[in-house]
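Hello,

Here is the structure I said I would pass on.

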Amino acid sequence: LLQVLRFPVVQLHMSRTAMRASEKDFENARNQLKLLMKDPGNEVKLKLYALYKQATEGPCNTPKPSMLDFINKAKWDAWNALGSLPKETARQNYVDLVSSLSPSSESSSQVKPAAANEKQPGSENIIVTSQDGITKIMFNRPTKKNAITTSMYKEIIHALKAASTDNSAITVFTGNGDYYSSGNDLTNFTDVPPNSIEETAKNASILLREFVDAFIDFPKPLVAVINGPAVGIVVTLLGLFDVVYASDKATFHTPFSELGQSPEGCASYTFPKIMGPAKAAEMLILGKKLTAGEACARGLVTEVFPESTFQKEVWTRLKAYAKLPTNSLRISKELIRSNEKEKLHAVNAEECTVLQGRWLSEECMNALMNFVSRKSKL
Ligand SMILES: CCCC/C=C/CC(=O)SCCNC(=O)CCNC(=O)[C@H](O)C(C)(C)COP(=O)(O)OP(=O)(O)OC[C@H]1O[C@@H](n2cnc3c(N)ncnc32)[C@H](O)[C@@H]1OP(=O)(O)O
């Protein structure tokens, strides 16, 4: 979607035979568009696309793309919405729309270059280090707010398996940059070929189940150092952590309904236990975003620290805790958690099955499409 909606609309090839009286205006409008400095937003870009198609080809005449073909579906919807609008009217509307976007002060300016690709070649999205008795697993994709890709889920499963038998006493999750993590990378589901949708949902469900199982079964104290906002799965998983330290700039958000999805990470079971059903429903059903203080008051967070001293205080403490006898730490955790394990695995399996269905739903597909088109840039 980002590429197709990229601006200026050089991809919109014009059928010259379709132009008549206002050919010059139409041509000028196209050129004017290329000189715009400001992104008019996706809504306008789709309108321009639709008017262009209508003006040059007439009413929408192509088959409706599949729900998961986000780019073409958005474009088709926009064009189809113009119904039987005459070509001349569409051409005039196109010219008017471009003119409304182009204050004269902008017309001679340079075209703004497209945003640079921020992906750093060879960079690691999960960084695992082991020092002072602590294995640290850090989300390291700060330009994407540490959103978790399919390969990151696999890397984390692998890192947890390795940490469960290494020499460290405790294992800590944290994020690099301003976010702890924005949760599942929503583009994991957006470039799926239409004939692989069901298989992709099934594979994602299997991966999610294995991922959450790795947390349920993790034998050592698991600590979250929440350096900033946390969204989605990284929040639900906190019910499986033993200790959660948060900066006072952290927030906790599970916008599942907004996304047409449902809770995972065993939160449908752990959250009502931790904070009571009414407070859990407010987060998991209604998507209320909590401050660190609120999350602490609800028992999801162990302690909140001022941002200015957060890293220093937390790591000093953790280094001291990591010197405690490792077997004792492990056995105490086992005592606290073992009675729940079977139940947690069952809850995980059920949540993954339900989510697999949600990912195939129109509500979810529309939400993903909205996210991708909202984030589209010139
Ligand atoms: C297979 C297992 C599946 C398990 C399922 C889990 C469910 C969940 O985790 S649900 C939660 C999903 N996450 C979200 O809904 C968050 C979506 N992101 C946002 O709402 C916003 O990006 C933000 C509030 C986190 C940050 O907003 P802000 O305005 O400060 O920054 P942006 O310009 O939006 O973001 C910078 C950059 O990062 C990209 N990005 C951020 N979050 C995600 C994400 N979750 N997935 C993919 N990409 C994300 C964003 O698109 C920007 O990229 P560009 O600079 O290239 O536009």
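This is a predicted model: local features need pLDDT of at least 70, side-chain atom pairs count only at pLDDT 80 or more; totals for chains, interfaces and linings use all residues.

Residue numbers start from 1 along each chain, as its sequence is written.

Helices (H or I, at least four residues) and strands (E, at least two) are DSSP runs numbered from the N terminus. Strands count as paired if DSSP finds at least two bridges between them.

Six strands form an open sheet with mixed pairing, in the order β1-β2-β3-β4-β6-β9. β1 (126-131) and β9 (303-305) are at the edges and have a single partner strand each, so one side of each has no neighbour in the sheet. From one strand to the next, the twist averages 20 degrees. Within the sheet, β4 (residues 222-226) and β6 (residues 243-247) pair in the parallel sense over four bridges. Val225 has Tyr245 in β6 as its bridge partner.

Helix α6 (residues 150-165) lies across β1, β2 (134-139) and β3 (170-175), at about 15 degrees to β1. Axes are lines fitted to C-alpha atoms, for helices over the stretch in contact, and angles run from 0 to 180 degrees between N-to-C directions. Residues are in contact if their C-beta atoms, placed from the backbone, lie within 7 Å.

The axes of α1 (residues 23-34) and α4 (residues 87-101) come within 9 Å and cross at roughly 35 degrees. In α1, Asp25, Phe26, Ala29, Gln32 and Leu33 meet Arg91, Tyr94, Val95 and Val98 of α4.

Regards

How values were computed:
Two residues are in contact if their C-beta atoms, placed from the backbone, lie within 7 Å.
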